[in-house]
Amino acid sequence: MKKYLLLLILVLGISTLLAGCGTDTENGAENNQGTEESLVKIGMVTDVGGVNDNSFNQSAWEGLQLLDKDLKGEVKVDFAQSTSDAEYIPNLTQFVKAGWDLTWGIGFLMGDHVKTVAEQNPEAKLAIIDAVVDAPNVASVTFKEHEGSFLVGVVAGLMTKTDKIGFVGGMDIPVIARFDAGFTAGVKAANPDAKIIYNYTGAFDKPDLGKAAAATMYDQGVDIIFHAAGATGDGVFNEAKARKDAGQDVWVIGVDKDQSITFGDDITLTSMMKRVDQAVYRVSKELVDGEFKPGLIQLGLKENGVGLPAENPNIPADVLEKVNEFKQKIINGEIEVPSEK
Amino acid sequence: MNKIVKFFTKDSSLIPLMAILLGLLFGAVVMLLGGYNPLLAYTALFQKVFGDLYNIGETIRQITPLIFTGLSVAFAFRTGLFNIGAEGQFVMGSLGAVWIGTQFALPWYIHAPLAIIVGALLGGFWGAISGYLKAKRGVNEVITTIMLNYISLYLANYIIANYLRAPGQQRSEIIQDSASISLNTLSEFFGYARLHWGIILAILAAFVFYIILWKTKMGFELRAVGFNPHAAEYAGMNVNKNVINAMFIGGVFAGLGGAIEVLGVFKYMTISASLPGYGFDGIAVALIGANTALGVIFAAILFGVLEFGAAGMKFVAGVPIEVIEIVIASVIFFVAASGLVKFILKPFRRKEKGGAVE
Amino acid sequence: MKDVKYVVEMRGITKRFPGIVANDSISFKVKKGEIHALLGENGAGKSTLMNILFGLYEPDEGQIFINEQAVQITDPNVANDLGIGMVHQHFMLVENFTVTENIILGSEPKMGLKIDYNKAREQVLELSKRYGLHVDPDAKIEDISVGMQQRVEILKTLYRGADIIIFDEPTAVLTPQEIEDLIGIMRNLVNEGKSIILITHKLKEIMAIADSVTIIRRGKVIDSLAVKDTNQDELASKMVGREVTFAVDKKPADPKDVILRVSDVTAKDNRGLTALNEISFEVRAGEILGIAGVDGNGQSELIEVITGLRKVESGQVYLKDTDITNNTPREISESGISHIPEDRHKRGLVLDFTMGENLVLETYFYPEFQTNRFLDYNKINTHAKKLIEEFDVRTPSVDTLARALSGGNQQKAIIAREVDKDPDLLIAAQPTRGLDVGAIEFIHKRLVEQRDKGKAVLLLSLELDEIMNVSDRIAVIYEGKIVGVVDPKKTSEKELGLMMAGATTEGVKAGNE
C-alpha cells in the first residue's frame, strides 16, 4: 500500500513540475485576457457536424473569426463542439452561465435546445441559424435558400446538354426542402424540358452515400448535380472528379460556401452560397454596437444572404446575364420563388 | 462500507486507479508538448464536472445511459457472448418509449412505467433475435448484433418519419408530460440540469444484474454457460435457452437505457443519421468494469466524467478538441491495457514483495 | 569423438516458479547407450527438468554437461546442435504433409534455392531402415496410424542428428501391440549408440525397457538405481512416498438385475461418420463392466448417447426397463445416472467456478440449496464442505476456484459430486487419466465401493491395466461395436490387444460363453 502512495506522490509531483514548465505559455494567454471584463464575449455551439464540417458550422466560425479580426481587442470569440445531441444544452449553458454576451446555436437541429436554454435563462441573449425560436431573447436567422437555389437551377437548366439534372439532398427536412423547391423552380423556368432526378441520402455526414447517389445519376445520363447534403456532398464531388478524369463531361453545383475553392474549378460549376458567416458576423456586430434585436431575421437575395460566388469562370457570359435578370426579378418581387414543393 | 474500502484496496481496483493516473500523466505530457498547461486543463476538467450543481447534474445525466449499456454488454459477456448490439437495443428502447410516450394519454403512474417497460422489452426482443440466431442457427452474434444496430437505426428513423413526426421537424412529437420521468423540482434546484429517475433505475439495474447472476438459478446457469458451455451441457443445462436469455436480459438493460434517455432527457426522438454511440461506449465500460455490477458503475462514471469534463478543458484552458480526445483516449487506453500498467508498476511491486520476504 | 561415460549430466539444478520450487537441486546422470527412465508423479518436476535440458527453461542454479563438456542451453536450437532431440507427448506434425516433408520441415536440404526432396527422401528411407522403423516416406500424416506418427517424430529427431532422445510419456496413446513395437525400436536405438531418457509414470514400462531409473518426488531426487536391482512395489513407494497397493482389493462380484441395457444403438460422430454401429450390451447392479478399446473406436460417443449429450440415430437405451433414448441430459441425470466425464476440464468442471459451485453443478436447482427461491450459498457451501471432507479433496476452501486445484483433487471432487447423487448407474470414463498412483488407488477403491453397494458401474478406459484390475467383465469395443465380452481372470493382455485391434476371433467369444 505504501508503495502505491509513493507512486501517487511521484505522479502528482511530476505533474506539478510539468505544469510549472507550462506556465510560460499560460502567462501569455493571461495577458491577453487581462482586459477580459471589457470584452464583448460571443460563443457558438456547433451541432454534431463539428467546426470543420466544410459547411455551415465552419462558415459560422469563420464569421466569428472575421469579427474577432476586425474588432481586435473589443471581442472574445470561442466555440464548443457537440459530439452528441445530449451535449447541445450543456454546451449552450456553459456559455450562458459563464456570462457570455451572446451564444449562437448553429443549425436547425438545435432549435429545441436553444429554446429550452433561452427560457431557463431569460436574461441571456442567444441566436440561432436555420431555425425559428419563439423567445424574447433569441434572434433567429433563416435564409431564403429557395431564392439562391432558383438561380443555380437556372444555371443548370441552361447549361445541361443531356436535359437531365440531379439533386442530392441530405435529410428530408424543411431547410433542404427549400433548396429542392427553389432549384426545381429555377430549372423549370430556364429549361422546361429538363428532367430532375432526386435522391435524399438521409445523412449529412456520409460521403460514401453521396458518391453512390452521384454514380447512379451520372449513369442515368445526368450531367449536372446540385447537392444540398453537407459532407455527404463531398462524395458527389469525388464521383464527378473520377468521371471527369475518365473523360466524361460532368459538373457539380456546390452548396453553402464557394466549393470550387475546395474541389477545384474543373468540376465545380458554381455554388449556392449561403452566407452563414455574414449572418453571424452581422448579428454579432449589432450586439457589439448595442443594436441586438431578438426576433426573426430572414436573409434572401436582396440581403445578400444567399447567391452565387463573385467569380464563375465556368459559366458563359450569356448565362450569367440570364441569371442576373432572374435575380433582379426575384428582388423586385416579380417572381415569387416557392419555398415548398 | 467495509466492503467498499475493500473494493478499492483490492489489486483489481488498484490497477485501474493507477491506470487512470498514468493516463492523466501521459495526457499531461501530450498537452505540454502542444504548449498547454495540463494542471490548468485538469483543474478545468474537474471544475467542469464538480464545479457547480448544474454540471454535477449534467454529469449524472451523462453517466446514466452508460451504466445501462455497460450492464448490457457485461451481462452478455458473462454468458460468453459479445454483445456489440447494445447500440441497437438502446435505439429500440428509445423507440418503444417514445411511441408509448407520444401516442397514449394515460395517468402518470401508468404512463411512464409503461413506456419504460415497453422500451425495455423492445430492447430485450432486439437482443433475443441475435440470441435466437446464435442458439438455433449458430450465427455469430457479433455479426447479427452489428447488423441489427443498423436495422434499428433505420427502422426507428422510418417509424418516426412516418408515424411519430412533429410537423416541420426532424424529430418525433414531444412525449406527454405524464410519461416524463424528469425530476422537475430537483432539476430546478440543480440549475435546470436534466435530472431524472434514470440514475435511480440505473443503480437498481446494477443491483438486479448482481442478483440475477449470483443469487438465482438462472444466473448460475448463465455463468456456467459463459465459462464452459460443454460442462454446462454435461450438467444438464440448456445452453441454447441460456444464450437467448442472456441476450434478452442484456437487451433489456440497453433498452432501459434508451427508454430513460428519451423520457428523462430529450422528451422526443430525432431522425438521426448515426447511432447514438452509448452502446459502443458500453463495450469499453463493461471491459473496464471487469463485467461486475460495481465495476460497470465506476467505469461509467469514469467515462461520463471524462466526456462531460472535456468541454471544460477546452473552454477554460483552451486545449484544442483534438488534444482533449488524445487525453481521454489515453486514460481509457491505460485502464483497458491493465497488462501494460502492471508492467509499468512492476518495479514498485517487486520491491513490495521483496520487502515482505525480508 | 572421444569415448565418454556420461552423455548427460545435470548438477544441482534448481528452478523456482512463483510459489513453488519445481526442481530443488536435482542431480541426474545418463550413461552413454542406456535407457534411463525418469519416474515421478504428475507435478513432481520431471517435465520441468527435461524442459531445462531441451532449452525451454533456464535453471536458476546448477550446471549441465553434455558429453562431459559444460554447456549453456539457452534455447531448443542449442539443444538440437548438442544432439538432444525430444519426442513430445502431443505430436507436432502437419496433417496434410507427407512423412518426408514433416521430417525435413525447418531443416530442408537445399539445392540452390530449391528443396532437394529426393535427397531428403533417400535419407529418411535410410534412417528408417537402419532403426527398423518401417515408415513409408511418401505417406501423408493424416493417413497413418498414431503409432506410425510417433515413429515419424522419432525420425525427425534422428534426421536432425540427435544422439540423446527424450521420450515424453510415449506409450500414452498406443495399443499394447504398438507399445511392444516401440520397445523394439528403443532397443534398436540404443544398440546403434543412442541414449534415451524416458519420462513416464508407468512402472511396468520401466521394468520392461529401462536400464536405470531416477525417481523424483516434489522436485527432489529420491533415488537413482539400476532397474535390475529393484521391483515395481519399491519404485511405487519411492515415487509416492508410502506403501501402495496395486492389485485392487475386491470381493467377487454379485450381479443382480440389469440396470443399463443398450440395444442396437447407432450414432454418428461430430464429423457425421458412423461412430456407433448397432452396439448392444448390458450392465447389472453390483458389477463393474469395463469397456476396453483403442482410442477413437466410439467410446466417447457411447457415453454421450447414454447420458443424452448425443442423439441416437437408431436403437434404444434402457435404464431399469425405462426407455431413456434421446432424453435430455437433465432428465437422464435425474433418473439415476451419474457420469464422471473423460475430460474433466472440458465437461466435468467449470474451472472458473468455486468448489462449492462445482459440487452442485447438476443439483443447484434442488430446493435444498435455495432460500425463498434464491440460491443460498450457505447451504451450497455446507454441502460442499461435507463432500470435501468425505472424499478428502485437498482444497484451501470451498471458495477456491476449481482451476487452482491439482488434477487429482479435481477428479476427487467430480467423483464426490457424482457418487453423492446416489445413482443406479455410475459411468466412469477414463477416471484416472493423468493421475498419479495415490489418486488412482483412491478412485479405484471408490468404484469398487459403489459396486459393493449394489450400483451398476460402467468403466471406460484406455489403460488396459485399469480395465483388467477393476472390471468384473470386459467388453471390447472396436469400430463402434462390441467385438467380445471376456472375463478378466480368464483373459490375457495379448488376447485383449488382438480384439482391440479388431481381430474378432470367434474362438474368443466361444470360449467365454
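**Interface of domains 2 and 3 in chain C**

User: Across the interface of domain 2 of chain C and domain 3 of chain C, how many residue pairs are in polar contact?

Analyst: A polar contact is a pair of N or O atoms within 3.5 Å; within protein, one must be able to donate a hydrogen and the other to accept it, and residues adjacent in sequence count only if both atoms are side-chain atoms. The model is predicted: local features need pLDDT of at least 70, side-chain atom pairs count only at pLDDT 80 or more, and totals for chains, interfaces and linings use all residues. Side-chain values use heavy atoms, leaving out hydrogens and water. Across this interface, with both residues at pLDDT 80 or more, the number of residue pairs in polar contact is four.

User: Which helix of chain C gives the most to the side of domain 2 of chain C that touches domain 3 of chain C?

Analyst: Helices are DSSP runs (H or I, at least four residues), numbered from the N terminus. Helix H9 (299-307) and helix H10 (329-334) of chain C each supply at least two residues of that side. With four residues, the one that gives the most is H9(C).

User: With which residue does Glu304(C) form a salt bridge?

Analyst: A salt bridge places a side-chain nitrogen of Lys or Arg within 4 Å of a carboxyl oxygen of Asp or Glu. The rule finds one salt bridge across the interface of domain 2 of chain C and domain 3 of chain C. For Glu304(C), the closest N and O atoms are 3.7 Å apart, and the partner is Arg347(C).

How values were computed. Residues are numbered from 1 along each chain as its sequence is written. Chains are lettered from A and ligands numbered from 1 in the order in which they are written.
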